[in-house]
Amino acid sequence: MAEVKTAVPDDMRVGELMRPPQEVMRLARMGASHQTRLSFMRAILRRVKCEGWQVNRTVWEVDDNGVGVGVYEARGPERIYSLIAYANDLPPELRSDRVIATQWDASFALFDGVPTRADIDRLRDNVPKQEAGRCASSELVLSRANRSVRLFDHVANCLSQGRQPDVAEIDKVGYLMRTTAVYGNGKFGLADRELYCMREEAGGPFRVELLAVWLIRAFTVDIVEHMAQVKGGANAVTLNRDIRRRLGVGNSTGLGMAPFLVTHPALLNAWMVARETALARVRALPLANAATTEHFREQLQRAHQGLARWHTPDERQSMRVRELAEDLDKLKSHLETERFDGVEPWNELYLWAASNLTLEGQEAVCSLMIEPHGELVDDLAGEMAADEAQSFVIDGQMHTANLLELARRHFDWALATDFASADQTARFWYVSEEKLEPRLGERHEEPGAELEQRLGIGREVAVMTAALEKEPETTLLAEFLLRHPEHRHAARRVQVVARLPYAEIHDNVLSASMMPIDMLRCKLAFFGASRFDPKSDRWVRITMYADAPFPDEIAGMDADDWAWPQFDEVRST
Amino acid sequence: MKVSINETEVMATKAAWGAGRPWGLAQEAGRAVAWLEAMRLPGAVSLLALLVASDGVPCEQLRPVATRDGVWQGAGPLCPVLAGAYISDSGGELFVSSLREVYSPLLLLPFASLACPGVLVAWSTTSIVANRVAASVKGSGLSDGIAGTVLVSPAAASEPALQTVTHSLRTGPVDIADEIWEALSAFAHRTYVPASESSRLKGAGAGLTDND
């Protein structure tokens with residue numbers, strides 16, 4: 001869809017229309033997040049297209065059992081990044097998406113540059129072991145994936161017999177392989193982010209991790225076509241491109257990811273500010289032009305029809321998907337008479353949504369409203385990185401009375417919480433000895449709470465506030481913290497949120513009613529994930545890059561029109 | 001073993017926490033060790049010596065109680081992370097200070113040099129002039145386990161000593177001796193909660209088949 005220049009909104013008005021942290025930083029709303037055009041996968045593919053990246057499969061040494069290695073070189077204007085994929089023949093009894101697994105159907109490293117034969121051999125001894133192996137600073141990302149056995153076998157069988165797979169079967173699952181952890185930033189000896197964060201193409205959040213996932217998607221199709229070829233010989237065919245494009249990469253994510261948003265306050269703030277600024281810019285537009293309103297209506301239609309492909313057996317989420325469908329119905333009825341000719345027509349639409357739709361619906365409308373305004377908002381995708389170290393240092397020259405005032409202003413929600421009640425402290429976050437992964441325990445039923453991770457920021461601030469109230473007002477914070485180092489963490493968080501207002505979740509993550517998947521969904525939506533399929537309150541399956549162009553077709557396609565399925569794809573289901 | 005800077009910071013933070021430092025202070029220890037190692041100065045071994053020497057000692061006994069007239073003194077030897085955090089909190093207000101008895105004095109350096117444009121940190125065997133990204137080290141006591149008196153004072157970045165830079169900030173990976181890494185891991189290990197059958201299933205919320 002061509003974009004037409006829109007009047008630039010007034011900065012002051014944009015500021016006025018920013019949704020406040022009190023509204024945006026609630027877990028219920030964060031847990032209803034949808035991808036937007038600022039999401040990282042979208043930004044990556046815009047760059048790949050715009051800069052004319054070339055992707056070539058330079059190595060394919062896979063045997064008839066599906067065991068071997070493939071290398072995919074992604075060549076950008078400055079550098080080459082290579083995905084090295086090790087394929088395995090995994091017996092079903094060993095197939096587990098959990099971190100406690102020790103073997104996978106495939107394992108991957110994203111290599112900085114072009115690997116030599118020695119690199120491929122070195123990594124063959126380490127990458128398939130994942131957490132138990134060691135990488136080097138020449139590797140940026142480490143990941144692994146398991147087959148969706150049902151769909152993989154179906155597709156391999158069909159292709160081997162010379163026919164295309166059943167589209168309905170493909171849509172039921174959505175991917176051939178499901179990744180679990182996608183590690184970066186120095187884990188297991190990988191390169192530190194500092195090594196590449198100054199690079200234009202790699203400086204944004206999760207750019208190298210999600211570039212790796214896009215290349216993994218190509219591998220998942222290559223390996224299924226390989227197996228079909230082994231089985232069917234001359235009868236075998238390759239996947240039809242339109243069917244192939246429906247396939248994303250799955251991901252199964254558990255609690256390991258949940259603390260991230262709490263432990264990266266500056267980054268969370270940067271993501272939220274970018275998205276909220278994009279929304280506020282659109283709402284502040286004094287006029288809506290025909291091209292953008294038409295684009296909006298078209299994307300709404302696609303989003304609505306695309307819900308047919310959002311399958312989840314999870315009761316809560318499937319109800320929410322049904323409600324979202326009803327919301328989008330309501331929106332369509334509302335739009336039948338809407339001419340977008342009022343004062344600030346997008347703001348009117350937003351306000352209508354805010355008072356008529358569920359949180360799922362409201363957040364979907366935000367995403368849809370931002371969508372046709374690339375020219376107005378895409379610069380914000382470049383402002384979503386943040387260095388936590390920049391906000392680490394405590395200003396100890398502040399008086400304790402000032403810190404107390406900041407705590408009351410920014411943590412009013414926490415100070416109003418009764419942390420003496422069992423419900424409000426029902427949970428504790430800990431790291432398990434067995435797998436060194438974050439877990440969630442029941443404080444009043446299980447041992448280990450004395451070792452809880454410091455994620456309950458609200459409670460820590462409440463405890464510090466009580467101590468500050470006993471201090472003379474003119475005590476220097478440095479003096480207070482020298483006597484009370486136990487409040488150092490809370491003091492830092494209060495000072496951070498005073499500078500970065502979207503840095504804190506405004507909910508108690510220790511409460512009995514807290515849903516960890518709300519944190520997961522928020523983060524994954526910023527990645528650009530879709531079709532959230534919770535498997536419990538603490539882990540979720542998603543699909544990444546579904547409907548996006550593959551490396552071998554992106555040059556000839558719109559790289560930025562895949563957030564919702566195309567009409568013709570929808571019709572063929 | 002070769003480790004990334006990020007792994008070093010995570011390990012140092014967990015180890016300090018495991019040794020009983022409050023979380024916010026343990027984060028300071030992690031950041032300090034990461035900076036030292038990135039400078040190719042022995043941060044990990046210094047932290048280990050500190051944690052071993054002060055294991056089980058409450059912060060109350062490790063902090064300077066009198067900080068007047070530039071002389072900092074505690075009930076016993078000082079924790080350089082506690083004292084360093086105080087230096088850091090004081091920002092540009094750093095004055096000439098003399099610290100009586102300090103464990104692993106090298107650990108004061110990152111706090112002072114990140115808070116001030118240029119600093120001098122010196123004890124009997126060693127003298128270091130540093131800024132955020134470079135240091136000039138003289139002497140042989142970088143890994144001293146304890147120092148009688150440590151002088152911390154501002155130094156002009158143009159200080160002649162810095163013109164002979166011996167250490168500068170670099171990216172990872174860094175080499176940390178296996179036995180040091182393992183000893184830090186043992187402190188970190190104290191922060192992990194042993195698994196039970198119920199936590200295996202409930203804690204991560206899984207337990208379903210993935211053969212689908």
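I began with the pair Glu16(A) and Arg13(A) in this predicted model, whose side chains meet in a salt bridge at 2.8 Å, N to O; by the rule I used, a salt bridge is a side-chain nitrogen of Lys or Arg within 4 Å of a carboxyl oxygen of Asp or Glu. Glu16(A) and Arg13(A) lie 3 residues apart in helix H1 (residues 11-17) of chain A, and are therefore separated by about one helical turn. Helices here are DSSP runs of H or I with at least four residues, and strands are runs of E with at least two, numbered from the N terminus. Over all chains, I noted a count of 62 salt bridges by this rule.

For the conventions, I noted that the model is predicted, that local features need pLDDT of at least 70, that side-chain atom pairs count only at pLDDT 80 or more, and that totals for chains, interfaces and linings use all residues. Residues are numbered from 1 along each chain as its sequence is written, chains are lettered from A and ligands numbered from 1 in the order in which they are written, and side-chain values use heavy atoms, with hydrogens and water left out.

I then turned to the interface of chain B and chain A, where 49 residues of chain B are in contact (heavy atoms within 4.5 Å) with 60 residues of chain A. The two chains bury about 4500 Å² between them, 52% of it on carbon and sulfur atoms; buried area is the accessible area (1.4 Å probe) that two parts lose on being put together, summed over both. Across this interface the rule finds 4 salt bridges, and I looked up one between the side chains of Glu28(B) and Arg488(A), at 2.7 Å, N to O. Of the elements on the side of chain B that touches chain A, H2(B) gives the most, with 6 residues.

Next I looked at helix H19 (residues 457-468) and helix H21 (residues 488-499) of chain A, which pack at an angle of about 105 degrees with their axes 9 Å apart. The axes are lines fitted to C-alpha atoms over the stretch in contact, and angles run from 0 to 180 degrees between N-to-C directions. H19(A) and H21(A) are therefore roughly perpendicular to each other, a term covering 65 to 115 degrees. Among the residues that meet, I noted Val461(A) and Met464(A) in H19(A), and Ala490(A) and Val494(A) in H21(A).

Last, I checked the backbone of chain B, and found the peptide bond from Gly172(B) to Pro173(B) to be cis, with omega near 0 degrees. Pro173(B) has its place in the loop between strand E8 (167-168) and strand E9 (174-175). Arg40(B), although not a glycine, has a positive phi of about 60 degrees.

Terms used
Parallel < 35°, antiparallel > 145°, perpendicular 65-115°, else oblique.
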